[in-house]
Amino acid sequence: MRMNKIKAIGRVYMALPKSTKITLTILAILALTGLYACLIEPFKLKVTEWEIDSDKWTAQTELKIALISDVHAIWPWMSSAHIETIVKKTNALKPDLILLLGDYVGTHPFGIPLTPEQGVAPYKELSATCGVFAVLGNHDLHGSTKWPEALIKTNIPVLQNRAISIKCKNETLWIAGLEELWYQNTDIQNTIKQISDSQPVIMMMHNPDSFIDIPKSVTLSVAGHMHRGQIRLPVIGAIKQVLPSKFGKRFLYGHIKEEGKDLVVSGGLGMTGLPLRLLNPPEITLITLK
């Protein structure tokens, strides 16, 4: 019976005018692509690795840094259980540092946002040899302070124009974090003034636009925010007009080297605007600094 129905639909389709068949085919491709981008690719979690060889990293040992960025906690795409999966996969990488780069809250209107407590609870299980540190993103600051407060309660240091010295693998280094560029007072100069020696510096920021003002003395800068465009088209890639940066694609993704400075921009994990990721799977970013 089912085969007969399929054959009948096929005969009807073949009897249609050519222009109608083309239109229906295009609509079917768009619908299938939309379903894939909404229901399949957002769950295809991957690990992307970058190796940075820098003469500013003077230690004899390599430093492994895991980046978690732009989670945007909202059910069903980014449930507590899925965030727990991200945490477990990050821990399995055995990083020396785990850096959380902001935008923990889900803000698009197509799902059920997690509460701050639900959204940050999985991060309590993050484990790294030399510690876990965080900065805030623009979506975390939309009117409410509940998300920043919940994150602080996890006892993960939230660095807002602040630099702290840590011991890591018998080496001393600085972890610095900037306030969010759009909604706070990003103060790079004051943050750098807190660094009292010439030891290596890892600079955390949510928005990579701050990178142009980072001094050359900083060993490595890391950022999120861009989602690598979130929706990428064949050949074209990310659409420049919708990118959340005044520099367009300049700081879109990956390892960027400018004027002797190194920046790694994570592709992120979650979604804003439309709950779609296309040709751009969510990623945990792992950097090996040597």
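Asp-262 lies in strand β14. Helices (H or I, at least four residues) and strands (E, at least two) are DSSP runs, numbered from the N terminus. The model is a predicted one, in which local features need pLDDT of at least 70 and side-chain atom pairs count only at pLDDT 80 or more, while totals for chains, interfaces and linings use all residues. Residues are numbered from 1 along each chain as its sequence is written, and side-chain values use heavy atoms, with hydrogens and water left out.

Asp-262 is buried, with a relative accessible area of 3%. Buried means under 20% relative accessible area, exposed means over 50%, and partly exposed is in between (1.4 Å probe, protein chains only).

Side chains of opposite charge can pair when their charged atoms come close. In contrast to the buried Asp-262, Lys-257 is exposed, with a relative accessible area of 52%.

Strand β14 belongs to an open sheet of six strands in the order β7-β8-β9-β10-β14-β13, with mixed pairing. Its edge strands, β7 (162–168) and β13 (254–258), each pair on one side only. Two strands pair if DSSP finds at least two bridges between them. Neighbouring strands of this sheet are turned by 25 degrees against each other on average, direction ignored. For such angles, axes are lines fitted to C-alpha atoms, for helices over the stretch in contact, and angles run from 0 to 180 degrees between N-to-C directions. Strand β10 (residues 220–223) and β14 (residues 261–265) pair in the parallel sense over three bridges. Here Val-222 has Val-264 of β14 as its bridge partner.

A further open sheet has five strands in the order β1-β15-β2-β4-β6, and its pairing is also mixed. At its edges are β1 (46–52) and β6 (132–134), each pairing on one side only. β1 pairs with β15 (residues 283–289) in the parallel sense over seven bridges, and Trp-50 has Ile-287 of β15 as its bridge partner.

How many salt bridges are there by the rule given above? The count comes to four. One of them joins the side chains of Lys-290 and Glu-51 (3.1 Å, N to O). Lys-290 lies in the segment after β15 and Glu-51 in strand β1, so the pair ties together parts that are 239 residues apart in sequence. Lys-290 is partly exposed at 31% relative accessibility, and Glu-51 is exposed at 53%.

Another salt bridge links Lys-169 and Asp-96, with the closest N and O atoms 3.4 Å apart. Lys-169 lies in the loop between β7 and β8 (171–177) and Asp-96 in the loop between α3 (80–92) and β4 (97–100), so this pair connects parts that are 73 residues apart in sequence. Asp-96 is buried at 6% relative accessibility, whereas Lys-169 is partly exposed at 35%.
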